[in-house]
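Here is a short briefing on one structure.

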Amino acid sequence: MPTTTFETPEKYEYQNGFDSYHETEAVKGALPIAANSPQKPPYGLYAEKLSGTSFTAPRHENKQSWLYRILPAAAHEPFEPRESSSFTTNSENKPHDKFQQIPNQLRWDPFDLDEKVDWVNSLHLVAGAGDPTIKSGIGVFIFAAGRSMDEHEAFYSADGDFLIVLQHGVLDIVTEFGNLLVRPNEITVIPRGIRYRISLPAGPVRGYVLELYQGHFRLPELGPIGSNCLANARDFQVPVAAFEEDTSTTWHILAKFNGRLFSAKQDHSPFDVVAWHGLYYPYKYDLGRFNTIGSISYDHPDPSIFTVLTAPSDHGGTAVADFVIFPPRWLVQEDTFRPPWYHRNTMSEFMGLIHGQYDAKMAGGFQPAGASLHNVMSAHGPDAATFEKASTVELTPARVGEGSMAFMFESCLMVGVTDWGLQKCSKVQEDYNAESWIPLRPRFKRPGN
Ligand SMILES: O=C(O)Cc1cc(O)ccc1O
Ligand SMILES: [Fe+2]
């Protein structure tokens, strides 16, 4: 059974489909017929193109949208630097904020809520690899905000696509493409460049962001699984066009540009897109709709069967980032150690917990709103208590992860941790190894002894 319980309140309307060509108009007749940039677009709107790939990208990767708006995005004053101590999204701007790559397993206690800041200032770079200036790599952020963005502010990132994993609260997101309401157990992707404003209708919010500096997320290949299962394309929801007519208020457009914050003024709302069509747009997905598959015979399969979205590298089958989830499911394998095996992975694994308890660890250590990082070749697996239980338990069909949702950002890149992630957040657990694996005892018995 899908575990989704969400209804869509009236203010929000979506069209369905992943990677579908969508077209939507908030005023009938606002989309030009056939032509993209007629001499006079309907109703005196300006035509504007937003490209998410190079124009010449192969057809199967090409992502562009046409926006029909009251004023073009270009109608603004110059951007000025506007950094503040609460905007910590750059690993390079301060010497002590450089990434540190370390082989230790890391685990963080739940990150604190922060009532004082809005979405933009809530973003803390905790780990990452690569560099947005060469469109290569990823950034992993923790966010915790308690205030809506100012009424006349909009934000975009020129650095990459934001995959937002909400852990607590509700995000009301007004975008150029329409409105999105996101609740815990839902994710949303806001691609590079798209402007949005986040308000918080239900108090403080907290969660995780994976920023993808290169390419875009796709659904994983299904191979022998066939044509359905995992995240089904029709369950991705895309806003329909919605706009406001405001050409008399001062707005601030905030840009994240190479991890730094800039601000520009304009005297009209950026949310003035009356109609749009194309393949480049924000979307959301309810993780409760994921169709989870697994072994019905023996052995623990690779977690790639739980991939919701993948961002491929140039090398087939190797992801710059996979977004993987561990939903409630049945385990039925016979003669099998059912939790994850002990392993060292050439990929790095950053994990978070939205709610509940992750079945590879005993309660307490890995908590909702906390995180862990098992970097390239850092050995890990079930803690000693989980091992003891799973290697002696009677193997009847068992439901795991009830009411729970853990996730992983798995990357082919070695990720570094920022000074905020290692020190300033004060959440690193000093006793992770001591609690988890050091208590493991040899069980080896020579035959005959
Ligand atoms: O380490 C983890 O907890 C994540 C994970 C889960 C799994 O089922 C198999 C491999 C793996 O890395
Ligand atoms: Fe792992």
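Two strands pair if DSSP finds at least two bridges between them. Strands (E, at least two residues) and helices (H or I, at least four) are DSSP runs, numbered from the N terminus. This is a predicted model: local features need pLDDT of at least 70, side-chain atom pairs count only at pLDDT 80 or more, and totals for chains, interfaces and linings use all residues. Residues are numbered from 1 along each chain as its sequence is written, while chains are lettered from A and ligands numbered from 1 in the order in which they are written.

**Strand pairing**
- Strand β17 (residues 251-257) pairs with β18 over seven bridges, in the antiparallel sense.
- Within this pair, I253 stands opposite A264 of β18.
- The β17-β18 hairpin has two residues between its strands, and N258 takes a positive phi near 50 degrees there.
- Strand β18 (residues 260-266) also runs antiparallel to β5 (residues 80-81), joined by two bridges.
- Opposite P81 stands F262 in β18.

**Annotated site**
- An unreviewed UniProt entry lists H343, E349 and H380 under "binding site"; such annotations may be inferred rather than shown by experiment.
- These residues spread over 38 residues of sequence but cluster in space, with a largest C-alpha distance of 11.5 Å.
- E349 is found in strand β24 (residues 348-355).
- H380 sits in the loop between β25 (371-374) and α1 (384-390).

**Burial and contacts**
- E349 counts as buried because 22 other C-beta atoms lie within 10 Å; the cut-off is 20 or more, with C-beta atoms placed from the backbone.
- H380 is buried too, with 24 such atoms within 10 Å.
- Beyond four places in sequence, E349 is in contact (C-beta atoms, placed from the backbone, within 7 Å) with H374, M408 and E410.

Methods:
A residue is buried if 20 or more other C-beta atoms lie within 10 Å of its own, exposed if 12 or fewer, and partly exposed in between; C-beta atoms are placed from the backbone. Two residues are in contact if their C-beta atoms, placed from the backbone, lie within 7 Å.
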